[in-house]
Amino acid sequence: MSKPLPVHTQTVIIGGGIVGCSVAYHLAKANHDVVLLERKQLTSGSTWHAAGLVSQFHGFPCVTKLACYGIELMQQLEAETGQATGFKKVGATAVAMNKARCEELRRRKDIAIGQGIEVHRLSIDELGQQWPLLKTDGILEAIHFPNDGQTNPIDTTMALVKGARMAGARIVENTEVSRLLIENGRAVGVEIPQGIVKAENVVNCTGIWGKAFAESCGTHLPIQHNQHFYIVTDPIEGLRDPTPVLRVYDEQAYYKEDAGKLMIGFAELNGIAWNPKGGIPGDFEFDDLPYPENHLDAVLEKCIERVPALGDVGIRTFFNGPEGYTPDGRYYLGEDSNIDKLFVAAGFNSSGVQNGPGAGMALAEWIIHGHAPRDLIDVDVRRVQPYQANREYLLKRGPETLSETYAMHWPYKQRMSMRGMRRSPIHEQLKQAGAVFGESAGWERPMWFAPEGVKAEYDYGYNRTTWFEHWKNEHEAVRDDVGLVDLSPFCKILVEGRDAETLLQRICSNNIAVESGRVIYTQWLNERAGIEADVTVARLDDTRFLVMTSAATGLSEQAWLRKHTPVDAQVRITDISSSQAAFGISGPRARDFLAAYSDADMSNEAFPFSTSQDISIGPIPVRAQRISYTGECGWEIFVDAAFAPYLFEWLISGEKAQPPKLVGFHAAESLRTEKAYRHWGHDIGYTDTPFESGLMFASKMNKPDGFIGSEALRKRIDEGSNRQLMQFLLESSEQFIYHNEPVYLNDQQVGTITTGTYGHTLGAPVGLGWVTLPTNPADNAVQNQRYELLVAGNKIGATVSLKPLYDPQNEKIRH
């Protein structure tokens, strides 16, 4: 007779795939009381039919670290539990069939090296020796990861299950959760047929059911189940065991040796969603889907040409199974923004087996410690936008995510589906002016402007592209004259009420108790002094403040505010982003330009830096705040959305002054990087403190009552740090940098790039990056040594600085 379930436990996990079982394993190993509930049988959703590929390297450092841990764990589980996982370290090889893909592989190799991954370049002869059945015609380059492998998904999961049970976890099958229990915005347990199980934490590991479960709880989790295909051949003579996994990205296929047979999987360019009427059937268990006739014919023809032996053997299995995909191709991990103590590990984009073990470890640590245990920003579930959970949106965006898996991963590449959903009030005017748009949190933002006669679309590339000169002209207009950038997509949060100042003074590291009309740049820190947000706060009057932050992080900032608002506080928090447009106007001529259109005194004495005023620009009432993200004298103009088109048209009319040049976000990025301005989520995050980030000027350590994280920050200052965020300027202008390029000092890797772009004023690629040195980075002797960056296989010398290389004394923004 089975043991009855407890009425209370520390953590309930919903879902018994490899991800949920990994969370249970790691919690139980930490002596944490845990119950896992699976609706049917373990692995019966999508884990059971996974291909079992496991790779060390991924596009994001945090994912790479967790994947490497997962591979190590797979090799240890059998000794610990007696249950074999089926893991084999066979290695993996990727090939390139055109120059663009060659560049991508070289850069991928660099980044992998920078993250401690062993990777080698193969000659075509070496590739042929490694894969004798492969026809190498058309292949230009190849790289090999010797420590990648493959595993048995079910066996690996069951090894985690056995280890979890050995450590005391309760894992129960055929028990469906019917309801999440929520009290005062906090998950407190679940309801099952046997009754109620109270818990301190609940974890959503429901895989392809993730979106539906989230909706039943009143929150959002955008996951689309797509149809994912592979075939398995009959045995092939001459197929060696082991044979490395082979990925031919340009033909949308991977090849894996499987007991003398070949498994061939696809990331076809015409991916299709699975959209069962009425949702996933209630009896769905170890099920597959019908194989659509002719859908993969073109891809299969390429496979037969690539591996001619396929033409002589039969196909034993044509498989189609559902896999959960997210809108951005990154999985979800962490605590839900809307429901406290509801944690998520889902949406693994057909990579649950290779990423689930490590993700489960990270989430277990998060639950135990009460905060993210490492930098997980790239997969943090708090990035979710509610609109993304819309069914029609996911039916189009989800399959595109699948198709992007093996497509070229160009810098700045934009998605094509479900565009134009959120638009600035001046979107049509910008479009008529030649704007080439990019997407951020659903907002259409002008990235650069195509002059008359130039097609308004991206030409993607790693170095100089056809739109490079147009980007350069926009950048130089701000440096030399005046430019206008549409900031309307930025998130604008109104914080008002009797206790608004008290709340913000506690949350902000800078001093917010200032007179009305001041604009304060500040960070919001967690209890460990890590930076949770990087914002400006404008004091509008005694009880009203406006917080401005990026569109991508606005929901997270609002959740942080609400989380730290006392129950009895008189504070109202309102997102007014859609009701207010904002224009950034900056450059040496910005003051004269605005003075021509306004009766307000725009002089430095009457309108100093870091202040705001209600003024009129012609007949339109606006609020102008003198602050700039470009490093030039500038203002941000806030205007009611209804007035924005008229105001914009008047400002560019030339009626009162020569109009500003319209500027896109590529120029905004290159301008801020030359000035070494930090960007949250790229350069800084919740594991970085203001001390090593060079932001102590925005932390007022003498605030009478302190602020969240002030004690931890003081301790960090006392301890010192040899880790620092620095600025880099390359000695060569030919190879551009973007992110994650390794940084070397005297041939030893000391860090990586976090932001890279081209510095049109400085005359070369410029970036920011973290370095860790044996001595204090502030030591000039350290700065004067030779630094190099590894870019596309070449080490390029770089100038390094702790101060901005452009206008280090801040003279331009304050004049």
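Start with F286. This residue sits in the loop between strand 15 (261-266) and helix 7 (297-306). Helices here are DSSP runs of H or I with at least four residues, strands are runs of E with at least two, and both are numbered from the N terminus. F286 has a positive phi of about 50 degrees, although it is not a glycine. Buried means under 20% relative accessible area, exposed means over 50%, and partly exposed is in between, with a 1.4 Å probe and protein chains only.

A word on the model. It is predicted, so local features need pLDDT of at least 70 and side-chain atom pairs count only at pLDDT 80 or more, while totals for chains, interfaces and linings use all residues. Residues are numbered from 1 along each chain as its sequence is written, and side-chain values use heavy atoms, with hydrogens and water left out.

Now N349. It also has a positive phi, about 55 degrees, and is not a glycine. Look for N349 in the loop between strand 18 (342-346) and helix 8 (352-369). N349 is buried, because its relative accessible area is 14%.

Eight strands run in the order 5-6-4-13-14-15-12-16, with mixed pairing. Two strands pair if DSSP finds at least two bridges between them. Strand 5 (120-122) and strand 16 (315-325) are the edges, and each pairs on one side only. From one strand to the next, the twist averages 25 degrees. Axes are lines fitted to C-alpha atoms, for helices over the stretch in contact, and angles run from 0 to 180 degrees between N-to-C directions.

Stay with strand 12 (residues 224-233). Ten bridges pair it with strand 16 in the antiparallel sense. Q227 has P322 of strand 16 as its bridge partner. Helix 9 (residues 391-404) lies across strand 12 and strand 16, at about 35 degrees to strand 12. Follow the loop between strand 12 and strand 13 (245-248), and you reach P242. A cis peptide bond joins D241 and P242, with omega about 10 degrees.

On to the barrel. Which strands close it, and in what order? Six of them: 32-35-34-33-36-37, with antiparallel pairing. The twist averages 40 degrees from one strand to the next. Strand 33 (residues 742-745) and strand 34 (residues 748-759) run antiparallel, joined by four bridges. There, V743 stands opposite G751 of strand 34. Helix 16 (residues 665-674) lies across strand 32 (723-730), strand 34 and strand 35 (764-772), at about 130 degrees to strand 34.

Last stop, helix 1 (residues 18-29) and helix 2. Their axes come within 14 Å and cross at roughly 70 degrees. Helix 1 and helix 2 are therefore roughly perpendicular. The cut-offs: under 35 degrees is roughly parallel, over 145 roughly antiparallel, 65 to 115 roughly perpendicular, and the rest oblique. From helix 1, Y25, H26 and K29 make the contact; from helix 2, Y69, L73, L77 and E80 do. Contact means heavy atoms within 4.5 Å.

F87 is buried, because its relative accessible area is 15%. What does F87 touch? Its partners include V54, I71, M74 and G149, not counting residues up to four places away in sequence. F87 and L53 are 34 residues apart in sequence and 9.6 Å apart in space, C-alpha to C-alpha.
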